[in-house]
Structures are given as C-alpha cells and as structure tokens.
Amino acid sequence: MSEAWRPTDDAQVCEAVAWASAEQVPLEVVGQGSKRGWGRPLQCERDLDLSGLTGITLYEPGELVLSARAGTGLSEIREALAAERQELAFEPPDLAPFFGRPPGEGTLGGTIATNLAGPRRIKAGAARDHFLGFHAVSGRGERFKSGGRVMKNVTGYDLPKLLAGSFGTLGVMTDLTVKVLPAAEKQRTLLLFGLEAAAAVEALSAALGSPHEVSGAAHLPAAVAAGSSVDFVAGAGAAVTAVRLEGHGPSVEARCAALREELAGRAPLEELHSLRTRALWREIADLAPFVARPELAVWRISVAPTEGPKVATSLEDLPELLTFFDWGGGLLWLGTAPGETAGAERVRAAVAAVGGHATLLRAPARVRLAVPVFQPPDPLAAALSRRVKEGFDPRGVLNPGRMVAER
C-alpha cells in the first residue's frame, strides 16, 4: 500500500512535489478518491492526498465568483451556493456511488481536473468554461498561477482550459476559482413516451433547435426508464424521452406550453414539475442506471447526435448491453459485460465509422491496463501532449500513466 502525504497548505504541497521530482518518485494525486477508478490504474510509491486542503476562501454572490481549496467537497460548495440561491451551472455529477463510494464525496479540484459536467452542458457549457483561475504546483515543485476572477482575463496563456481535464498530470491545483450563476426559480420536464432512439433524437433536436432554451435533453430506453425513482418515468412501460426547461416561473410555463404544442403528435406527452424534474435529472447526471449495475463496464461515447442511435444499434449484440442518451443524443452511455477488453475493439470501430471518441469510464483494473482508457489521439496530438507534459512535469512524477501508458 502506498504511503500517503496529506499536506494542509501550498508550501507543503510544493515541498512534497519538489522532493518527488528530485528523487524521481511518482505521486498519485488524489482528493477524496471518489474518481480513483477512472483512468489507468497507477502503481505509485506515494499518494499526495489533497483532502487536507479544504475550505471556501472567497465567495462573492454579487460578483458570481467563488474560490475554494482543491480538497473542498462539492457538498460544502453546493450548500453555500444554495443559501444564496446560486449553483454551479455546469451541473457536476456525483460519481462516487458509480465508482462504489458513498454519495456526497468528490471535490472541486477533482471535478475540474476531470472536466466533469452534467446534462446542462448543452446549454451552460463544460466545467472548463466556468473555470476562472487557479494556484498550482508544477511537477518541478514550482508554484504557478493563472487566470483571475473574471471571464475576460486575457493575460498570458489560458492555462485553466489546459489543466481542466488533465487528470492531475500537469500540476497539483491547490486553490481554484469558478464562476457561479443564479439557480433556476422553476424547472419543468416534458416526457415523450415510446419513441425509438432515432425518432427520440429527432424530437430532441427539434426541441434544442427551438427558441425555448432547453437545458436538458435525454432519451432513456425502456429498460433504463423502468429503474427510475420517478413514478411517471418508471411506470411508463416504454422508452422515455425527456426535455428540461428552467428559469423564471412565468417564462418556464410559457415556454413549456409552446414546446409541448410543437412536439405534439410525435408521441404521448406528460409533464414533470420541479420536484420530480430535479430527481430525474440528478439520476441522469449521476449515472444511476449504472450505479444499480456495478458489474458492468461503462463507456462514455461522444458522437454527432444523429449518429448516436446508429452506434447503439451497431453494438446491440454486446453482452448485457445497457444504454441511454444525453446531450440531445450526442452522448451515449453504454454498459456491457467487462470480459477481457469490455468490447473495446467493437466500440472504437463503431465510433471511428461515424467520427467521435469513446472513453472507458469504468472497468476492472485488468481491463483498464489491457486497453486504452481514453480515445487514442492522432500522432500529431500525441506529440503535442508529450511536449506539454514534459514542460509541466519533465520527470513524470504527477499521476504517471493515468491517461496514457507512457506518461
């Protein structure tokens, strides 16, 4: 078992990384460990545990900005924002149960490092689009910072965009600043029942192309819908296609009525109000269908929305297949029996045929060692990634091998 260091300030982080760099000792950088199963398994001599770096360091509701230490739990941040009727607009999911951990784990640093966003990404953007600035320690053991407290900060390179989604391989972020937004006053969800995947994506595309500001667009096949905690969804006895609208009360009601009229005739319709709407979209964000099936390997497949149903159809003979669609059909979640490779060759061939990328989000360690977890980059992108890694972490001590085998 790896020895763990648990720094409580930037100086201790800097000292630990500087020592590791000098001694060429690899470090696994973790927060609460809720997403440790995402990426290639690591064999590091030391853990750099950031769970001691906690606390909101700045929150100005009027300026829509919040700063917090990297190990600060998302639950603490959500509670502080809710008191001011604000939220993280990119709707970060709680993937701790998906990875077999208790709910409510997960940190701000881990969320940004993995660039996690939920169903609202189609409207609000990814986590990186709300990431304003940070303080960090490079693999050289040197402190650096970038960004600020406003979106139009243009000094230097846009390093927040680079570190978001880098999985702790470029630097150890110690303090992060994010943009927050007012929470919606009201939510409504339109449900369409019984559509096949292709027809569902057509309906979702029509809704997203309308002027009604859709903030969620998902399709749940019958097997997935049946497992929902929302009665109207679980009791449908058929596939359920869901479209969410949010905002001020009168606006939501007017937009919902107009969209309902525009979608009428495609399938039977039902409407969920705020309580059931929140429950449904929390299930979708947190991958609840796969929480209930922990034995499945899970792929996250991103393609053009019109291609999603084709990819799902081409893979329908995979063992124990379970799928659903988010982001208007552009995000296909696919679960299958892990086997030796979790169907990697089939999945990547199906994606290559239409253009897109596939990430193996969950699988046993032996599978994640046997196949590339992330979409293999083309040679030019791979060479650029190596140069970036060498610039930030020349001795390869930060999460080495987390994303690709050689680094």
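**View A. Thr323 in strand β16 of the predicted model.** Thr323 belongs to strand β16, which covers residues 322-326. Thr323 has a relative accessible area of 13%, and it counts as buried because that value is under 20%. Beyond residues up to four places away in sequence, Thr323 touches Pro221, Val224, Leu332, Trp333 and Leu334.

**View B. An open antiparallel sheet of five strands.** The strand order is β4-β5-β9-β7-β8. Strands β4 (56-60) and β8 (143-147) stand at the edges; each has a single partner strand, so one side of each lacks a neighbour in the sheet. From one strand to the next, the twist averages 15°.

**View C. The pairing of β7 with β9.** Strand β7 (residues 131-138) and strand β9 (residues 171-179) run antiparallel and are joined by seven bridges. Gly133 has Thr177 of β9 as its bridge partner.

**View D. Helix α1 across the sheet strands.** Helix α1, residues 10-23, lies across β5 (65-69), β7, β8 and β9. The helix runs at about 50° to β7.

**View E. The largest nonpolar core, around Leu280 and other residues.** This core has 53 residues, and those with the most contacts inside it are Leu280, Phe290, Trp299, Ile301 and Leu360. Strand β15 (residues 297-303) supplies the largest share of the core, five residues. Neighbours within four places in sequence aside, the contacts of Leu280 are Thr189, Leu191, Leu220, Ser228, Val230, Val233, Ala242 and Leu272.

**View F. Another nonpolar core, apart from the largest one.** This other core has 41 residues, among them Ala16, Ile77, Ile112 and Met173.

Conventions:
Residues numbered from 1 in each chain as written. Predicted model: local features only at pLDDT ≥ 70, side-chain atom pairs only at ≥ 80, totals over all residues. Heavy atoms only, no water. Helix = DSSP H or I, 4+ residues; strand = E, 2+ residues; numbered from the N terminus. Buried < 20%, exposed > 50% of the residue type's maximum accessible area, 1.4 Å probe, protein only. Contact = heavy atoms within 4.5 Å. Pairing = 2+ DSSP bridges. Axes fitted to C-alpha atoms, helices over the stretch in contact; angles between N-to-C directions. Core = buried A, V, L, I, M, F, W, Y, C linked by side-chain atoms within 4.5 Å.
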